[in-house]
Amino acid sequence: MSVQNPVFIALDFPEATVAWRFLDQFPADQQLAVKVGMELFYREGPAFVAALKERGYIVFLDLKLYDIPHTVGQATKNIARLGVDYLTLHAAGGVRMMTAAKEATLAAAHGPKLLAITQLTSFTEAELQATQQIAVSLNDSVIHLAQLAQQAGLAGVISSAYESQAIHEATSDEFLSITPGIRLLGDAQGDQSRVMTPTLAQQRGANGIVVGRSITQAVDPVATYEQVVTAFHKG
Ligand code: C5P
């Protein structure tokens with residue numbers, strides 16, 4: 001698996017035993033990239049994340065930090081001690097908040113790459129406008145937030161693959177566009193709105209994808225993961 005274009009499996013499971021049972025289906029020598037979100041982290045805490053790192057997984061800790069700069073900086077300092085590879089925070093927290101987090105990662109021995117959430121992939125244009133009452137389109141808002149994240153020195157952003165190309169044009173080719181909201185043809189959309197297949201996401205310029213239910217709920221998760229990786233890496 002190319003670490004340059006990771007396929008992160010979202011471990012959205014209620015507890016560690018279920019997550020380990022899922023992971024144990026994969027060959028032991030396969031270096032998987034996994035995403036731990038709020039559901040599992042709030043249940044199992046840092047010990048589970050440390051155990052994943054010990055077993056060699058690439059770990060994306062998706063805690064979507066959003067608070068005043070000092071608090072986020074201090075939280076990032078503690079998270080950096082876990083040795084995770086990626087960490088999320090909300091771009092809406094502003095440049096000062098993101099800079100505080102970035103400084104905390106620079107001070108750490110193995111600080112994570114920081115990825116800013118732009119607009120959640122569950123939002124539709126109409127829901128976004130009704131909620132945030134912003135004067136610009138969803139697309140323009142995503143681009144603006146990506147530029148703020150770049151200004152703060154972050155590694156990249158999380159958005160839907162629909163915005164990947166525009167994000168690269170407004171930032172740089174190196175600035176990462178990591179995209180959840182991935183579905184295989186025929187999958188249920190669930191609570192997501194801006195969904196796309198792995199192949200299309202790759203063609204639109206996504207540097208990495210996050211796939212949850214399409215893999216975790218599949219009849220054969222290992223085969224489905226391989227299918228997703230092939231589709232994303234070959235385009
Ligand atoms: O099951 P599904 O593939 O929809 O899971 C997507 C994962 O990506 C979830 O863990 C969700 O929290 C996360 N995510 C997202 N949209 C964002 C950021 C993260 O769906 N903007």
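Predicted model: local features only at pLDDT ≥ 70, side-chain atom pairs only at ≥ 80, totals over all residues.

Biologist: Okay, what does UniProt place at residues 6-228?

Modeller: The unreviewed UniProt entry puts "domain: Orotidine 5'-phosphate decarboxylase" there. That span is 43% helix and 17% strand, and its end C-alpha atoms lie 11 Å apart.

Biologist: Let's do α3. Which of its residues are buried?

Modeller: Val72, Gly73, Thr76, Ile79 and Ala80 are buried in α3. They sit on the same side of the helix because they cover an arc of only 125° around the axis.

Biologist: And which exposed residues are on the face turned away from that?

Modeller: His70 and Asn78.

Biologist: What do the buried ones pack against?

Modeller: Three elements: β3 (58-65), β4 (86-90) and α4 (95-107).

Biologist: How far does α3 reach from its first C-alpha to its last?

Modeller: It runs over residues 69-80, so to speak a 12-residue helix, and reaches 16 Å, close to the 16 Å expected at 1.5 Å a residue.

Biologist: Now α4. Which residues are buried there?

Modeller: Met97, Met98, Ala100, Ala101, Ala104 and Thr105. Seen down the axis of α4, these fall within an arc of 155°, so they line one face of the helix. On the other side, Arg96, Glu103, Leu106 and Ala107 are exposed.

Biologist: What covers the buried residues of α4?

Modeller: The cover includes β3, α3, β4, β5 (113-117) and α6 (138-151). As for length, α4 has 13 residues and reaches 18 Å from first C-alpha to last, close to the expected 18 Å.

Biologist: Switching to rings. How many aromatic pairs does the structure hold?

Modeller: There are 8. One of them is Phe8 with Phe60: the ring centres are 5.0 Å apart and the planes stand at 80°, so the pair is edge-to-face. This pair links distant parts of the chain, with Phe8 in strand β1 (residues 7-10) and Phe60 in strand β3, 52 residues apart.

Biologist: Are those two buried or exposed?

Modeller: Both Phe8 and Phe60 are buried. Phe22 and Phe26 also make an edge-to-face pair, 5.5 Å centre to centre with 65° between the planes. Phe22 is buried at 5% relative accessible area, and Phe26 is buried at 5% too.

Biologist: Last one, Glu169: buried or exposed?

Modeller: Glu169 counts as exposed, at 63% relative accessibility. Glu169 lies in helix α7 (residues 164-170). The C-alpha atoms of Glu169 and Gln132 are separated by 25 Å, and the two residues are 37 apart along the chain.

Terms used. Residues numbered from 1 in each chain as written. Heavy atoms only, no water. Helix = DSSP H or I, 4+ residues; strand = E, 2+ residues; numbered from the N terminus. Expected span 1.5 Å × (residues − 1). Buried < 20%, exposed > 50% of the residue type's maximum accessible area, 1.4 Å probe, protein only. Arc of directions from axis to C-beta. Contact = heavy atoms within 4.5 Å. Phe/Tyr/Trp six-rings, centres within 6.5 Å; stacked < 30°, edge-to-face > 60°. UniProt positions renumbered as here; feature names shortened; annotations may be inferred.
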